[in-house]
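The sequence and structure are shown first.

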Amino acid sequence: MKREKRLVALAGQPNSGKSTVFNSLTGASQHVANYPGVTVEKMTGHYRHEGIRVEVVDLPGTYSLTSFSLEEKVSRDFLLHEKPSVVVNVADASNLKRNLYLTFQLLEMEIPVVVDLNMMDVAERRNIEIDVKELGRQLGADVVPTVIKSGKGKRRLLKSIRTASLSEKPFEPLRIDYGPMEPFLAKIETRLSMEKSLAGKYPFRWFSVKLMEGDGEARELLKKHLADPGQVLELADKERESFESEHDEPPEKHIAFRRHLVANEISRSCIKPKEGKKTPLSDRADKFVCHRFLGPAFLVGVIYLLYYLSIVQGYNITNYTWPLLARLRSLTEAILPAQGFIDEPLVRSFSLWFVDSINALLNYIPIFFILFGLIAVLEDSGYMPRMAFILDRLFNKFGLHGQSTLPMVLGGIYVGGCAVPGVMATKGIPDERSRLATIMIIPLLNCLAKVPLYVLLINIYFAGYKGLAMFFIATISLLMALPVAKLLTLTVLKNRDTAPFIMEMPPYHIPTIRGVLGRAVERVWLFIRKIITIVAAIAVIIFVLLQFPGLSDERKAHYTMEKEKSITAFYKKIKGNPYTEKLEGENLMALVLYWDEYKTAKMMTTGEEATKLLNQKFEEKNPDFFKIVQPKKDKTAKKVNRAFKKLFKARKKLLREIKKEKIDNSFLGRLGHSIVPFTQWAGFNWRVNVSLLSAFAAKESSVATLGALYQQEEEGETLETRMEKGEAGFTSLHALALMLFMVLYPPCIATTIMVKVQSGSYRWMLFSMIYPIVLGFMVATLVFTGGTALGLNGLQAMAAFFGLALGTTIIMGFVKNRPISM
Amino acid sequence: MKLTLDDLKPGIECLVKKLNAKDKLGQRLMDMGVYPGLRLKVVRNAPLEDPMELELDGFYVSLRHEEAKYVEVERV
């Protein structure tokens, strides 16, 4: 037998177990991409069966195939234009009647259909007995009963797909009887069959039904393929109108109605009547899960658990994974050219910066893994729609959607989230307007990376009210995000598409380990692929902005002189010492590196045994140097030790000064200086500006840059004390303005990429970066300039602003959005 | 005054008489299985009153009251 290839599409309603079927068929060969031009995910995979290679495309789960929703449109276009050999229609056996509604629409497209009657076990448990043979006879298609979850019926399904895909016989399925509409349809069909350019491209019956429905896409198709579509369109409009006036019913409703009617008839004749109706377990569970008081309490519990397991426990895991990343860094360090006394080779500083930037992101992977796994549990269990059900009213008031809940929890609705998975999770929101609004406000929530700056500032300027200040920060982000969402939906998003809320509340399921782990791995991998490359590119740009143009020759000469001075002083001090000859020329620098290495290693070592081992190692490496580092009772060595300590300190000071001057003089530093005339109204000086600018790539950088700008005067001084000393004029009001700006800080690079992916446009990506800057600057200015004018201190301004935000939120909640389009 | 679905309290069963919504909402209601002649039951309201949950022949669906307004019903 020759090798043949076949394309098979999987179609089915949500919650019919379609993705389980897909996993079972294709195993590990899956591939995710997007359908061209849209944000809908396209899952493909393949398998081999008796010499045929079968390519499987998992279409999005939909209830119908209209052109009102993106998913339905995508599925329909795929079937129409890619012309798969077979459509496998996965249907929930325990809910046959409803599933047939989609089956009929698939049959109408005249592609051979195999009906996979899945979840037979659930049907059995509910006392539903289906006459499979009779069902197949009536549909005119092969019906295969399965319990794919446990592999039951899979072999028959494979065989059936094979037979259908190789069959030469024309596929003659059930024809839905549209009753009084038939003569109208016949007229359109006859007219269509006269158009040669459509022959063989589209099934005429399907086309007539769609034109009768007034389907916009079908009309577009006509315009695309016909030189003169006017005639046909006119005929379709005429038939629609005369049907509606004769039967007092819009044609699209009649069509849907007839489908339900036929579904009723078929299911009645193929299903033996149930004995005794009993409330399904899921409904009984919902009595608690959606209860007026218990429901919200349970929801808070679930959110807390999600937060606790992923953010808190995931963070703990990073304690174990971080050393691995640190080792990666030291391995890189080892192969790079060594550091000079005061100058660092460019390739060295660049490579380390690069590794640090990537590591900062890789460090989050344990958190993401747990987070994505837990989301998969929520998705598979069926709890997500309940979350949406409970919170929809609240979010709807602000132009958001019940399904905005999960993205917002992930983004950090209290303290500590991450905008990347948050934005990623907005995919499921069916309403375009709310979905974009949710994407836009997620970066305003408190992600983990914002926290270090809050902690730093609160520790210095709100030391007496730490708890209160932290509560303020945690809640103020939500109090700003909600009105902003409303404002966006009232303005820039005003004319975006909305969708009805109507949502299925599926029965609860116990998630499978395989499904959950598979999804977690897949999403983490997606994250790595999408984000890391971009972050790497940005890291290069920021590096250049922070390093160049560098120091002037004059300043370089100045620092070289300083270096010579301290080295000469060192040699003078140890003149005549027996160790002197061991420290000449190159050797001095070698000792610097040796000393540095030893001190770093010692700091990381705890316990007597380990220290002993460490000492041994270093002594073996260079016994002379070790004497200088650890002179013990050796008097001459002690002398060198003391002199060298001074030299080492002098070097450190020089390095810090150079770093500071470099940043100060860099492109970013100059920018920081040049915008002071504006930022002074918000209370930001150039140092703050630079640290905020450097935070664009990743927010953690803000604190790191501040650390570099406020240099240590004494060994071991914390940044808190340094900053307090360095900024005598800085008050708690300055700090408050800065913290609020941080709340409204534009999304990090990784997030903006996700915004691009989920919104599908660069314009929204740019918008998501620009509006927070404008808003943040306005808020910071209001707080700082306003607070100064009123003579408020930080704490008073905090209270005033909290009241203002709360008031705005409440008022905005009452403003009405444009009602949903019908 | 015509009785519409959003007027009904939890626990009440009714027959769908007519859908007054067109386009997206009308289609979506039909696609989710709300059609004239169907007997359905209001199961519960959400903790904040809106949305509401319906049972349509062993199948559970939630929708907002502003959407339910477009469904004309008759009590049984």
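**Contact between the chains**

The contact draws 34 residues from chain A and 34 residues from chain B, two residues being in contact if their C-beta atoms, placed from the backbone, lie within 7 Å. On the side of chain A that touches chain B, two or more residues each come from α3 (96-108), α11 (251-270), α13 (294-335), α16 (383-396) and β10 of chain A. Helices (H or I, at least four residues) and strands (E, at least two) are DSSP runs, numbered from the N terminus. By class, that side of chain A has 19 nonpolar, six polar and nine charged residues. Here Ala, Val, Leu, Ile, Met, Phe, Trp, Tyr, Cys and Pro count as nonpolar, Asp, Glu, Lys and Arg as charged, and the others, Gly among them, as polar.

This is a predicted model, in which local features need pLDDT of at least 70 and side-chain atom pairs count only at pLDDT 80 or more, while totals for chains, interfaces and linings use all residues. Residues are numbered from 1 along each chain as its sequence is written, and chains are lettered from A and ligands numbered from 1 in the order in which they are written.

**The sheet**

An open sheet of six strands, with antiparallel pairing, runs in the order β10(A)-β4(B)-β3(B)-β2(B)-β1(B)-β5(B); strands pair if DSSP finds at least two bridges between them. At the edges stand β10 (503-504) of chain A and β5 (71-75) of chain B, each with a single partner strand, so one side of each is left without a neighbour in the sheet. Two of the pairings are set out below.

| Strand pair | Sense | Bridges | A facing pair |
|---|---|---|---|
| β10(A) and β4(B) (residues 60-63) | antiparallel | two bridges | Glu504(A) and Val61(B) |

Leu3(B) lies in the segment before β1 of chain B. Beyond its neighbours within four places in sequence, Leu3(B) is in contact with Val73(B), Glu74(B) and Arg75(B).

**Chain A**

Chain A has 36 helices and 10 strands, and its C-alpha trace spans about 115 × 70 × 60 Å along its principal axes. Of the 822 residues in chain A, 40% are buried. Contacts between residues at least 6 apart in sequence join residues at least 24 apart in 74% of cases in chain A.

Chain A is divided into domain 1 (4-166), domain 2 (180-254) and domain 3 (554-663), with bounds from an automatic or database domain assignment. The C-alpha centres of domain 1 and domain 2 of chain A are 28 Å apart. Seven residues of domain 1 of chain A are in contact with eight residues of domain 2 of chain A.

Helix α23 (residues 553-573) and helix α27 (residues 635-665) of chain A pack at about 175 degrees, with axes 9 Å apart. Axes are lines fitted to C-alpha atoms, for helices over the stretch in contact, and angles run from 0 to 180 degrees between N-to-C directions. α23(A) and α27(A) are therefore roughly antiparallel, a term for angles over 145 degrees. Residues in this contact include Tyr559(A) and Phe570(A) of α23(A), and Phe644(A) and Leu647(A) of α27(A). By class, the contact of α23(A) with α27(A) has nine nonpolar, one polar and five charged residues.

Conventions:
Parallel < 35°, antiparallel > 145°, perpendicular 65-115°, else oblique. Buried ≥ 20, exposed ≤ 12 C-beta atoms within 10 Å, placed from the backbone.
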